[in-house]
Amino acid sequence: MAAAISSANWAFVAAAKRGRRQWGTIPLSCSSGPNTRKLVLYSKPGCCLCDGLKEKLQAAFSLSGPDSLHHVTLQVRDITTNPDWERAYQYEIPVLAKENSDGKEEILPRLSPRLSVEIIQKKLLAAFS
């Protein structure tokens with residue numbers, strides 16, 4: 001899977017594996033503008049399911065072609081930095097949400113850790129269509 005992660009994002013993955021906190025927007029999108037959509041991942045340090053999903057998301061974002069996720073940005077939010085997020089998601093992480101055009105978040109169905117990167121890409125495209 002590491003081969004599918006671009007060099008720009010590899011530093012994030014390597015730092016995460018070393019236990020460093022690097023949260024925020026991950027530069028996975030190729031474009032920004034009025035058609036850019038936002039995907040939010042609620043996570044926390046030490047969550048192996050979260051780390052696995054982050055790696056698969058990064059790989060899905062790096063896939064090119066007509067089904068690329070170039071119009072979507074990914075923001076990772078550490079729930080331990082916000083009491084509201086921690087209360088809402090402490091037993092549910094990893095949680096994916098998309099930001100709707102009105103600015104409100106919509107929680108997406110949980111993605112199985114067994115899904116391939118290509119299936120994750122297709123599910124995310126469907127969520128934003």
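Cys48 sits at 64% relative accessibility, so Cys48 counts as exposed. This is a predicted model, and in it Cys48 takes part in no disulfide. The nearest cysteine sulfur belongs to Cys47, and that one is 6.1 Å away.

## The disulfide

How many disulfides are there? The count comes to 1. The link runs between Cys47 and Cys50, with an S to S distance of 2.4 Å. Look down the S-S bond and you get 70°, which makes the link of Cys47 and Cys50 right-handed.

Are the two partners buried or exposed? Cys47 has 11% relative accessibility, so Cys47 counts as buried. Cys50 comes in at 0%, and therefore counts as buried too.

## The main core

The largest nonpolar core is made up of 21 residues. Leu39, Leu57, Leu96 and Leu124 are the ones with the most contacts inside it. Which element gives the largest share? That would be α4, with 6 residues.

For a closer look, take Leu57. Setting aside neighbours within four places in sequence, Leu57 is in contact with Leu39, Leu41, Leu74, Leu96, Ile120 and Leu124.

Terms used. Residues numbered from 1 in each chain as written. Predicted model: local features only at pLDDT ≥ 70, side-chain atom pairs only at ≥ 80, totals over all residues. Heavy atoms only, no water. Core = buried A, V, L, I, M, F, W, Y, C linked by side-chain atoms within 4.5 Å. Buried < 20%, exposed > 50% of the residue type's maximum accessible area, 1.4 Å probe, protein only. Helix = DSSP H or I, 4+ residues; strand = E, 2+ residues; numbered from the N terminus. Contact = heavy atoms within 4.5 Å. Disulfide = S-S within 2.5 Å.
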